[in-house]
Amino acid sequence: MTKTIIYPGTFDPITNGHIDIIERSLLLFDEVIVAVATKSTKNPKFTCDTRISLIKEVFAHNKHVHVKQFSGLLTTFAQQLNVYVLLRGLRAVSDFEYEFQLANMNRKLCPKIETIFLPATNNYTYISASMVKEIADLGGDISDLVPKTVEIALRKTNC
Ligand code: COA
């Protein structure tokens, strides 16, 4: 039986931290569905289509990574796909409280759902999409933080 996991987020944009989590999850699962939230309170810099294309470009070589968008409740989306395992990355203890709440709320909404956490690799514990965008906006070097395709997209938005 194929083991599939859903990795949800805003991905505005995808960073090397997210990529690390996705790649490592494929050591445990056969397929990963990267679920991009179309609606976000975060007022994303990139449209949902662009966020999705960037992820697809990054994983073009990997047929085990699938990218889909969702707009309603994550639990509804998971049920539609018949996939009941969610993946989230933990960068620091400060992430834990929110992630713990999110995992429990998702299980309350759909008792079959479990969340698996992967700790961020050391190099990526300090990355956040907002910081990457701010550094890019201010002309700083983001080459170690995001893949080339994302770096180019960020530079373009600042022209
Ligand atoms: N490496 C690097 N950065 C990471 C990371 C990692 N391993 N893990 C998280 N982050 C960063 C992200 O870049 C992001 O940074 P930002 O806040 O500066 O943009 C931040 O941590 C968390 O964002 P993300 O992982 O995209 O999650 P999110 O909090 O934006 O997404 C959803 C949350 C979309 C999963 C959640 O809101 C959801 O499920 N929404 C659907 C509606 C729903 O079901 N609501 C009920 C929930 S109970």
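Reader: Hi! Of the contacts between residues at least 6 apart in sequence, what share joins residues at least 24 apart?
Author: That share is 74% in this chain. A contact here means heavy atoms within 4.5 Å. Before we go on, this is a predicted model, where local features need pLDDT of at least 70, side-chain atom pairs count only at pLDDT 80 or more, and totals for chains, interfaces and linings use all residues. Residues are numbered from 1 along each chain as its sequence is written, and side-chain values use heavy atoms, with hydrogens and water left out.

Reader: Thanks! How many helices and strands are there?
Author: The chain has six helices and five strands. These are DSSP runs numbered from the N terminus: helices are H or I with at least four residues, strands are E with at least two.

Reader: And which pattern do they follow along the sequence?
Author: Reading along the sequence gives β-α-β-α-β-α-β-α-β-α-α.

Reader: What radius of gyration does the chain have?
Author: The chain has 15 Å, which agrees with the value near 15 Å for a compact globule of 159 residues. The radius is taken over C-alpha atoms, and the globule rule is 2.2 Å times the number of residues to the power 0.38.

Reader: How much of the chain is buried?
Author: Of the 159 residues, 47% count as buried. Buried means under 20% relative accessible area, exposed means over 50%, and partly exposed is in between, using a 1.4 Å probe and protein chains only.

Reader: Let's switch to single residues. Is threonine 115 buried or exposed?
Author: Threonine 115 counts as buried because its relative accessibility is 16%. This residue lies in strand S5, which covers residues 114-119.

Reader: Which residues does threonine 115 touch?
Author: Leaving out residues up to four places away in sequence, threonine 115 touches Leu86, Arg88 and Ala103.

Reader: Now, where is threonine 121?
Author: Threonine 121 sits in the loop between S5 and helix H5 (129-137). With a relative accessible area of 30%, threonine 121 is partly exposed.

Reader: Which residues does threonine 121 touch?
Author: Not counting residues up to four places away in sequence, threonine 121 touches Asp20 and Arg24. The side chains of threonine 121 and arginine 24 make a polar contact at 3.2 Å. A polar contact is a pair of N or O atoms within 3.5 Å; within protein, one must be able to donate a hydrogen and the other to accept it, and residues adjacent in sequence count only if both atoms are side-chain atoms.

Reader: And how far apart are threonine 121 and glycine 17?
Author: They are 104 residues apart in sequence and 7.8 Å apart in space, C-alpha to C-alpha.
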